[in-house]
Amino acid sequence: MRLGRRVALTLLVLASAASATRAEEAGQPLRPVTIVGDAIPASLTGAAGDPARGRALVLDRTRGLCLLCHAGPFPEERFQGNLAPDLSGVGARLSEGQLRLRLVDGRRVNPQTIMPAYYSLAARTRVARAWQGRPILEAGEIEDVVTFLASLRGPARDQRTGP
Amino acid sequence: MIRTATAALAALLLAPGPAAFPGEIAPADKRSGFAEMGPALQAMQRDDTAHPGMLWVQDGADLWARAPSADAPACGGCHGEARASMRGVAARYPAWDARSGRPIDLEDRINQCRRTHQQAEPFARESADLLGLTAFVALQSRGMPLAPPDDSRLAPARQEGRALFEARMGQLGLSCAICHDDHWGRHLGAAVIPQGHPTGYPLYRLEWQGLGSLQRRLRNCMSGMRAEPYPFGAPEYVALELYLAERAAPLPLETPALRP
């Protein structure tokens with residue numbers, strides 16, 4: 001069932017946007033992103049991210065915001081959200097490229113998703129002045145988070161990743 | 001597996017509607033944000049002698065009785081005992097204002113009386129005077145069910161309020177409905193998401209360490225969405241207030257409520 005849905009989503013993305021290269025909203029262009037299937041295989045910066053910085057971003061409730069919605073293998077963190085799937089083991093379920101697309105713009109996988117598009121300026125309304133023209137995370141930060149998520153391979157327990 | 005995948009794909013393509021979203025709250029499930037609070041805060045809201053918001057209400061009661069100038073009557077000079085004349089009034093607001101030809105909320109209504117019946121400067125939005133007087137007027141309806149007027153002139157603004165409630169906005173691309181219709185009762189980090197009812201305003205919020213209006217609360221939620229808040233008094237807020245009142249009725253008014 002889960003696998004079936006994954007395949008269906010892959011097909012959907014393939015059908016609608018195979019290998020689309022997107023130029024972002026006019027003004028301050030973001031780095032171009034190449035979607036292949038349901039993934040963005042290439043690093044946005046051309047370099048690997050830093051997992052320790054990625055971990056800090058995921059836990060930071062004013063920058064990554066992830067734990068507002070998600071829980072994860074972070075037993076020391078109180079008050080994790082329950083609006084979204086647990087991030088434990090997500091690195092075993094999804095490839096780096098799949099993780100990258102879900103962060104950059106999860107709407108490409110699920111148009112109804114409530115997960116914010118972290119690296120896209122498309123289809124925005126009434127963005128507060130301080131955030132206008134800015135993605136939620138910068139390209140390097142996306143890579144840090146992707147590298148950290150990819151390291152979450154086990155069941156729910158704390159997986160600190162050294163640099 | 002291929003068959004499952006094809007069926008799922010067909011379902012996705014044929015039914016792009018928000019199947020995962022439960023949508024509007026069923027009448028039997030409607031409940032105030034009061035229900036989401038711990039017993040200590042609930043007890044504080046229930047006990048007027050321990051409720052910090054009652055200080056503002058007391059100032060409002062004094063203002064009600066005081067003439068703004070030598071030649072203008074006090075609120076009570078025209079309206080008499082608030083307990084009788086203001087009973088049930090707050091439960092009907094926002095309401096249509098024939099003079100300005102638009103819907104107005106209770107704060108606006110009070111300022112209209114300041115302007116037209118007392119020839120005095122309207123109180124600033126979010127000033128202690130306006131909050132206290134509004135809370136004092138609304139207190140006279142405490143425990144009464146919200147009763148939004150069945151007035152067709154309000155329908156367009158109420159509809160606009162609903163559209164705003166359901167619209168994605170801000171850097172995070174969230175809508176009010178995603179949190180308050182579809183995920184109430186869930187944990188957004190440390191906060192339990194309430195249904196987002198307007199029943200307690202103006203209310204004392206611990207985070208504000210003071211009394212605040214419904215518009216201030218809506219601005220807080222918009223900032224959380226990283227959306228540009230409307231200026232105080234904007235028609236968009238009155239539209240949202242109209243929709244929120246209809247969505248919450250017939251929950252009882254709680255003013256002044258207490259919230260974390």
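A cavity here is a set of points, on a 1 Å grid over the protein atoms alone, where a 1.4 Å probe fits but cannot get out, and its lining residues have an atom within 4 Å of a point. Grid points are joined across faces, edges and corners, and a volume is the space filled by probe spheres set on the points. These close-ups come from a predicted model, where local features need pLDDT of at least 70, side-chain atom pairs count only at pLDDT 80 or more, and totals for chains, interfaces and linings use all residues. Residues are numbered from 1 along each chain as its sequence is written, and chains are lettered from A in the order in which they are written.

**View 1. The second largest cavity sits among residues of chain A.** About 30 Å³ of space lies in it. Its lining is made up of A:Leu57, A:Val58, A:Gly64, A:Cys66, A:Leu103, A:Tyr118, A:Leu137 and A:Val145. Sorted by type, that gives seven nonpolar residues, one polar and no charged (Ala, Val, Leu, Ile, Met, Phe, Trp, Tyr, Cys and Pro count as nonpolar, Asp, Glu, Lys and Arg as charged, and the others, Gly among them, as polar).

**View 2. A:Leu65 has a positive phi without being a glycine.** Its phi is near 65°. Look for A:Leu65 in the loop between helix H2 (51-59) and helix H3 (66-69) of chain A (helices are DSSP runs of H or I with at least four residues, strands are E runs of at least two, and both are numbered from the N terminus). A:Leu65 counts as buried, at 10% relative accessibility (buried is under 20% relative accessible area, exposed over 50%, partly exposed in between, with a 1.4 Å probe and protein chains only).

**View 3. The largest cavity holds about 270 Å³ of space.** Of its 21 lining residues, B:Tyr93, B:Pro198, B:Tyr201, B:Leu214 and B:Glu241 lie nearest the centre. The lining splits into twelve nonpolar, five polar and four charged residues.

**View 4. Two cis peptide bonds in chain B: B:Tyr201 to B:Pro202, and B:Ala249 to B:Pro250.** Omega is about -10° at B:Tyr201 and B:Pro202, and about 5° at B:Ala249 and B:Pro250. B:Pro202 belongs to the loop between strands E4 (191-192) and E5 (203-205), while B:Pro250 is in the loop between helix H11 (235-248) and strand E7 (258-259).

Terms used
Side-chain values use heavy atoms; hydrogens and water are left out. On a 1 Å grid over the protein atoms alone, a cavity is a set of points where a 1.4 Å probe fits but cannot get out, and a pocket is an open set with protein on both sides within 12 Å along at least five of seven lines; lining residues have an atom within 4 Å of a point.
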